Amino acid sequence: MNAPHTFNLHWLPPPPPHSSTSLSASKPPSLRFQATTNSSNAAASLSSATTSNKLPNSQDQTLLTLLQQRKTEDAWLLYAQCTQLPNPTCLSRLVSQLSYLNTAQGLTRAQSIIQRLRNESQLHRLDANSLGLLAVAAAKSGHTLYATSIVKSMLKSGYLPHVKAWSSVVSRLANSGDDGPFEAIKLFNSVMKRVRRFEDIEIIKDSRPDTGAYNAVLNACANIGDVKKFHQLFDEMPEWGCEPDALTYNVMIKLCARVERKDLLVFVLERMIGKGVELCKTTLHSLVAAYVGFGDLDTAEEMVQAMRDGRKDLCKLLRDSSKYSDDEEVKNESENNRNDVFGKLLPNLIDINNEPLELPVSFEPDSRIYTTLMKGYMKAGRVADTVRMLEAMRDQKDSTSHPDHVTYTTVISAFVKAGSMDRARQVLKEMARIRVPANLITYNILLKGYCHRLQIDKAEDVIREMIEAGIEPDVVSYNTLIDGCILVDDSAGALTYFNEMRKRSIAPTKVSYTTLMKAFASSGQPKLANKVFDEMLKDPRVKVDLVAWNMLVEGYCKLGHVDNAKSIIQTMKDNGVYPNVATYGSLANGIALARKPGEALLLWNEIKERCALKKEGEESSSSSLPPPLKPDEGLLDALADICVRAAFFRKALEIIACMEEHGIHPNKTKYKRIYVEMHSRMFTSKHASRARQDRRMERKRAAEAFKFWLGLPNSYYGSDWQIDPADDDDS
């Protein structure tokens, strides 16, 4: 165990957002937003705000002139010198132009204006156009939570944001982790609720959803596998004049893959052909990726080969790959589809006996499709096939099929997974020789390979190579290094990398915090883990989840600090986070280590209550009740072990019954050994008083029942339980 050291987390401001594109146009996009507040009240409010806090007309005019001339930098410098707020027109235009720059500095400056207005209760000075552009800029830069708060603030203030603004935020939320997809659906519903309030189409013409907006929210549904919500939203599209396009059906392919309906993939393709939706290679790539995800590499290979041969009968090929055994099975499947939600999404499912459709044109596979199949080989550990695919791609006549940096990175990943770090290095050198630049992902894969093999010095060499190549390490790079330090039991090194990451203005993620907490918890320093947790709570960019709470609980339980662990669990509950099996498992292990069997009884009572919720009704939607719990073998075995050692036989039998109810086989051999070693001479004293014997009667009955379950001699067999000296010596 490492010696405790001084904990030093350097708190830095959020890193500048990374801009993926550079906009060089001279004027902001023509987004227009409609305010829906009472016009007279808004005008009065705006007028009073303007007159009460107005700059001299000459300074306002100078600022406006600079903005009209697109001299945004000069306008910002003038604004920074102002002790009073400019008028609403100048403020809105300045925020719009700063947001439209699509740079880290521009976004930071726009955010500072928002913060100043919020502090002075003057947010109403900004118009909807400026707020919408700020939301788009924040979403593009990865500040999804900030962008969401801007759109919600607009809705709360009575504005209707432009569809391109709110749909971009929905799209970002749909692809973010944690509760992002759920928040995307909530935001979509909030906008639609506001839009539906107006009958005048002219008012909502710029805010009503388009196909892109529906694709964004449908993607959120697909990411969480919510088929019913997907169907509901898909059915709403015609109401707003939105027609499903190729992307809509690509998202439907993702949904089928997420809910493990491989049999439906071909029918999505046929539906697109039947509806006349223009096909593209992205759709075929989605299909190949879906089959690879299912582990069905044979079908994926056949599909790619058919594309190489210029065949149009892909639908027939895919149908044959999931052929039903007989006509009766086909009939049953058609009937099931009629009543299924997918039967409504894909009407062509009703009669699966119809002739498969053909593609309107044939498609040649490109490097993206080949690489996707190669990833399937890599995941399956088929390194030889991965290399063979690379060589085949090199020989293709079509340049779009030649290997790119993603292809080579996949080969490197295959070698790393197989433990062949030297061969992975050779591929990296080959990339440099043929001038295919390695990217951040390539180096991160190598980094992970060395860390998992406990070669931290070589991992540090990779970091130096990255920087020399002009590639800056990201949060994933540092998370990998921190995890590597944990594997070699170096919590001090983990903290060093964490602080180095923050010095580089790289924002820690949830994984960064929990990994560092794991380092301290594993080295027996739960108080330091608690300090990391406190920093995590203060970070507005990170959402503290159950994993972080559990890491903290585990840190204390590993040392047997049950009271601290229980205090943390109570705080969890107060914050609306309910313990899961992992939480209870850590606590049970801590109780065993601390030798506090009475705490095990309290824990078992709580677990029984959570299990009873499942029996009483899973349909309950009450948010005040904790979710039902399904205990696992580790948790129940730990509790049963404690109870047997403490001679709580009745509770031990309750836990064993729970194990059997959940299909878990109790370790009878272990419990028999514990009983013989610790309790074989219980209740054998002949000198106990009558009153004491009466008090022990209930415990004795429980012990006899437990022995009966173990198969040891007991009163149920009508024999006396005793152990002879020879047996005593053995035990």
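## Overall make-up

Helices (DSSP runs of H or I, at least four residues) and strands (E, at least two) are numbered from the N terminus. By this count the protein chain has 39 helices and 2 strands. This is a predicted model, in which local features need pLDDT of at least 70 and side-chain atom pairs count only at pLDDT 80 or more, while totals for chains, interfaces and linings use all residues. Residues are numbered from 1 along each chain as its sequence is written, and side-chain values use heavy atoms, with hydrogens and water left out.

The protein chain has 731 residues, and 48% of them are buried. Buried means under 20% relative accessible area, with exposed over 50% and partly exposed in between (1.4 Å probe, protein chains only). Contact means heavy atoms within 4.5 Å. Of the contacts between residues at least 6 apart in sequence, 68% join residues at least 24 apart.

## Helices H3 and H5

Helix H3 (residues 72–81) and helix H5 (residues 104–119) have axes that come within 12 Å and cross at roughly 35°. Axes are lines fitted to C-alpha atoms, for helices over the stretch in contact, and angles run from 0 to 180 degrees between N-to-C directions. The crossing of H3 with H5 is left-handed, a term for a near helix turned anticlockwise from the far one by less than a right angle (right-handed if clockwise).

On the H3 side, Glu73, Trp76 and Tyr79 make the contact; on the H5 side, Gln105, Arg109, Ser112, Ile113 and Arg116 do. These residues comprise 3 nonpolar, 2 polar and 3 charged. Here Ala, Val, Leu, Ile, Met, Phe, Trp, Tyr, Cys and Pro count as nonpolar, Asp, Glu, Lys and Arg as charged, and the others, Gly among them, as polar.

## Ser141

Ser141 sits in the loop between helix H6 (128–140) and helix H7 (144–156). Ser141 counts as buried because its relative accessibility is 11%. A polar atom of the Ser141 side chain lies 3.0 Å from the backbone oxygen of Ala137.

## Aromatic pairs

The structure holds 12 aromatic pairs. Rings of Phe, Tyr and Trp (its six-membered ring) pair if their centres lie within 6.5 Å; planes under 30 degrees apart count as stacked, over 60 as edge-to-face and the rest as tilted. The rings of Phe230 and Phe234 are stacked, because their centres are 6.3 Å apart and their planes are at 10°.

Both Phe230 and Phe234 belong to helix H12 (residues 227–236), where they are 4 residues apart, about one turn of the helix. Phe230 is buried at a relative accessible area of 0%, and Phe234 is buried at 11% relative accessibility. One aromatic cluster is formed by Phe649, Tyr671, Tyr675, Phe706 and Trp709.

Notes:
Polar contact = N/O pair within 3.5 Å; in protein donor to acceptor, adjacent residues only side chain to side chain.
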